[in-house]
Number of protein chains: 2
Amino acid sequence: MKVAVIGLGLIGGSLVKSLRTLDIATNIIGVDASPEHQEIALSLGLVDQCLPLEEAVNASDFVIVATPVNTIPSIIRDVLDLVEEQTVIDVGSTKAEIIRKVKGHPKRSNFVACHPMAGTEYSGPEAAVSGLFTNKYVVICDHGDSDLEKFEMVRSMFEKMEMKVLLQEAEAHDTHVAYVSHISHISSFALAITVLKKEVDEDRIFELASTGFSSTVRLAKSSPATWVPIFEQNRDNVLEVLDEHISVLSDFRSSLIKKNYEKFHDLICEANKIKKILK
Amino acid sequence: MKVAVIGLGLIGGSLVKSLRTLDIATNIIGVDASPEHQEIALSLGLVDQCLPLEEAVNASDFVIVATPVNTIPSIIRDVLDLVEEQTVIDVGSTKAEIIRKVKGHPKRSNFVACHPMAGTEYSGPEAAVSGLFTNKYVVICDHGDSDLEKFEMVRSMFEKMEMKVLLQEAEAHDTHVAYVSHISHISSFALAITVLKKEVDEDRIFELASTGFSSTVRLAKSSPATWVPIFEQNRDNVLEVLDEHISVLSDFRSSLIKKNYEKFHDLICEANKIKKILK
């Protein structure tokens, strides 16, 4: 199968790596606005050639849109304007806005909306890694609006990658990712800023990283190019969970202020319940 | 060297594992209030025997106090009441309160106040792991109050464990750990509670864990028995950095409310500066 991947970053790059390893992709065409990304992707062998979008779509059987989420709707519309039989997927972390904006397109059913739920804090084609998606979940949204055969093809492709496929409505998906994934990123970004502000001695930060800071702050290295559009598209859900998070932190604060260590103990026990879900 | 370890948990257990591997400890005596912990430590071979505190101290050359930080001062005083030539260390995560409470003891100079800065989210003797401290930092506080020879012996012991030794005053140490380590724990505890409150569907939490939540929430599994006393002893420093953290989260919140995505972008760029320190 000839695959076009639009957006040569962590997710697009890792995805085509897997497709090549599994012999699902025989030929991979890259599309990226950045000549530097094109060059790196070519030199790493992620793609066989780079072409402008229209040529890439015309030359392929399968199109992956893996750009920042704010650019996905218009790219998908452009791609759908060009396709005949090709299947088109996106891999964005938000889904409702994207699906809303492609609604009613005459080729809507060629499109399958996907969110492979894995990542790292790194970005760009050099961040692409084999096996990123193995044993991870992928959500396919509003699959009833996709052509059944194309949907089954996409599902089977993810299953060959050893991913677990979930079906969800886009609105529900966006709420769930805000509640778990997006708040984790804000929490980590805010922790980084807090520590950089308070601990002016960088050596101390480095020395103390092993006390737990390094894992908690890992996501704070995530790129604004990827994440600002996600927060923009999922603003309302994120605000709701962020309010809750600030309120929980205020509970910790007030129990410290009141020297109410029993309450503090109870809060930690409440947090410990996460062990039931994540071993 | 005969070693007594008081408190058979993650840190005490991991430490004697290293000392045994390096042949620094030829005989290890465990002391623990919990018969269950004694039994596990014996069955895991962490210790050769378990004895009551007085007998253990009398039978050893080197005493490690590795109990929750609120119990350390009185245990150290009890141990110092018993010792002749033995060297005594603690491994608590806070130092000022402990050092204040042993001040003026006639055997104060037998004591070297230490904080080996490593850990995991697990606790108890079964959580002890070899190599936990390799390449990590250890802080020795107020070493001028310790006998020079004993201090040098302790320093050399940590260096044989491939640890990097830092010397700090206790007050400064406590401020630094609040600013980096302790706030990371509160942030993680609060994230766990937030997600558990908002995301009532546990399956969704599990499925989404790979999106970054699992690393950010790792510390939320940490035990209240260890951590409540740490927050109690380091309350003022923790409150200061917690206020800052809530204020930074409020900046994220207000930029979302105002749809000021440029500001949101700037905040992420500020957070990204952590990459300079932690690769």
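Colleague: What makes you say that the copies meet through the same surface?

Modeller: Of the interface residues of chain A, 100% are also interface residues in chain B, so the surface is the same. Contact here means heavy atoms within 4.5 Å. Keep in mind that this is a predicted model, where local features need pLDDT of at least 70 and side-chain atom pairs count only at pLDDT 80 or more. Residues are numbered from 1 along each chain, and side-chain values use heavy atoms, with hydrogens and water left out.

Colleague: Why is E207(B) called buried?

Modeller: Its relative accessible area is 7%, and buried means under 20%, exposed over 50%, partly exposed in between (1.4 Å probe, protein chains only), so E207(B) is buried. E207(B) also touches M117(A), Y137(A) and L166(A), leaving aside residues up to four places away in sequence.

Colleague: What makes the pair of Y137(A) and F206(B) edge-to-face?

Modeller: Rings of Phe, Tyr and Trp (its six-membered ring) pair if their centres lie within 6.5 Å; planes under 30 degrees apart are stacked, over 60 edge-to-face, the rest tilted. Y137(A) and F206(B) have 6.4 Å centre to centre and 80° between the planes, hence edge-to-face. Y137(A) is in chain A and F206(B) in chain B, so this pair joins two chains.

Colleague: And why are W227(A) and F231(A) called tilted?

Modeller: Their ring centres are 5.7 Å apart and the planes sit at 40°, so that pair is tilted.

Technical notes:
Chains are lettered from A and ligands numbered from 1 in the order in which they are written. Helices (H or I, at least four residues) and strands (E, at least two) are DSSP runs, numbered from the N terminus.
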